[in-house]
Amino acid sequence: MAVMGRKSQINFLKTIFPPFTNRNVELLVNKANQHVAQYLRQSKLYMIAARAQASFVNYRVDKKEGKIYLEIQVGSEVVDSGVIHLSKCSEIQDNSEIKLTGGAVLLGGTKKGTHVKVWLTPDSVYWHVARCTPYLEGFTRHDLVCDYDLLYVGIAKQQDSYQRLIKNAHHGRLRVLSEERARKPGAHPSDEIILFLYGIEPFSIQTITAEDDDYGFFQGAEPERVIADAEKAFVSLLNPHYNLTKFQSYPKGEDGLYGTGLNNYGYILNENFRFNTAAAQFKGFWSEAGFDNRQDAIFIEGDKVELYFGDEMNELPIQ
């Protein structure tokens, strides 16, 4: 029996910007932050999640040492702590303005908190720590802070994630805000709803045998199809509450990767996030290389769709 070559593709989901609360949307649509908006327009895939309000607490500035000491509280419990080394922060100058609130650390801006050079929140600090930002120390408990209830997964077909989710009155986000109740007593849902904008980095694998008729080099699946397929994969397996369309026939579909010639393909979350739904839990893990055996994964081959848990997976089920 002839042994034919195979084409596979692993798709890594990475946020193109640190996660931010719905409260921060007003800042991101401000004219002063249009440079950020242009960056966010690179995304076509987004998620909406929630967690009890997280805040910076017990913070203090030691100007002599050039350090800011903070603790992070989730709900009513202090779960982590860390230090910001001002001398290692190349984005700001000596004696720059420092503004501290429960929701953010603002460095290098005006006294009103505008035109800041560094903006850190209880969610974004872990995004920066994962990427080895030199001025951050501590902040090790991303497992306790970046643990979210996944509420909605969506894509922007004709627009981009910034236009569809942030600038415009997105139906899913508005429904979440109107129906979700505070997880921390006294908190506003707008401080507990977190938005994630993703880019997808594909990793393609091709094997060629002597029996193959086509020796063409595999360039990878079309990005538009990957994005459409990713939405269906996460919704069909995790079943977020606010997604009305459940894609129960997945992996079959006209605009995804089914039937495009891939033998198998999959999705990995390359971030230190964990998403929970009533149906399942999906855990990511940040790795500079992309791969890490602590990452959960969704893999598809033919009509078979499976969720693999990183702790139970010795090798990638893809060839």
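The following questions and answers concern a predicted model.

Q: How many disulfides does the structure hold?
A: A disulfide requires two cysteine sulfur atoms within 2.5 Å. The sulfur of C132 has its closest cysteine sulfur in C146, at 15 Å, which is too far for a bond. For C146 the closest cysteine sulfur is, in turn, that of C132, again at 15 Å and too far for a bond. The number of disulfides in the structure is 0.

Q: Is C132 buried or exposed?
A: A residue counts as exposed when its relative accessible area is over 50%. C132 has a relative accessibility of 64%. C132 is therefore exposed.

Q: Is C146 buried or exposed?
A: The cut-off for a buried residue is under 20% relative accessible area. The relative accessibility of C146 is 3%. C146 is therefore buried.

Q: What distance does helix α7 reach from its first C-alpha to its last?
A: Helix α7 covers residues 223–238, a run of 16 residues. At 1.5 Å a residue, a span of 22 Å is expected. The helix comes close to that expectation, reaching 22 Å.

Q: Which residue follows α7, and what is its phi?
A: Among the buried residues of α7 is L238, and the helix ends at residue 238. The residue that follows α7 has a positive phi. That residue is N239, with phi near 55°.

Q: Which element gives the largest share of the largest nonpolar core?
A: This core has 55 residues, and those touching the most other members are M47, I84, F196, Y198, F234, Y267 and F275.

Q: Which strands stand at the edges of the open sheet?
A: The sheet is formed by 3 strands in the order β7-β8-β9, with antiparallel pairing. Each edge strand has a single partner strand, so one of its sides is left without a neighbour in the sheet. The edge strands are β7 (98–100) and β9 (118–120).

Q: Which residue in β9 is the bridge partner of V105?
A: Strand β8 spans residues 105–107 and pairs with β9 over 3 bridges. The sense of this pairing is antiparallel. In β9, the bridge partner of V105 is L120.

Terms used:
Residues are numbered from 1 along each chain as its sequence is written. This is a predicted model: local features need pLDDT of at least 70, side-chain atom pairs count only at pLDDT 80 or more; totals for chains, interfaces and linings use all residues. Side-chain values use heavy atoms; hydrogens and water are left out. Helices (H or I, at least four residues) and strands (E, at least two) are DSSP runs, numbered from the N terminus. The expected span of a helix is 1.5 Å times one less than its number of residues. Buried means under 20% relative accessible area, exposed over 50%, partly exposed in between (1.4 Å probe, protein chains only). A nonpolar core is a set of buried Ala, Val, Leu, Ile, Met, Phe, Trp, Tyr and Cys residues joined through side-chain atoms within 4.5 Å. Two strands pair if DSSP finds at least two bridges between them.
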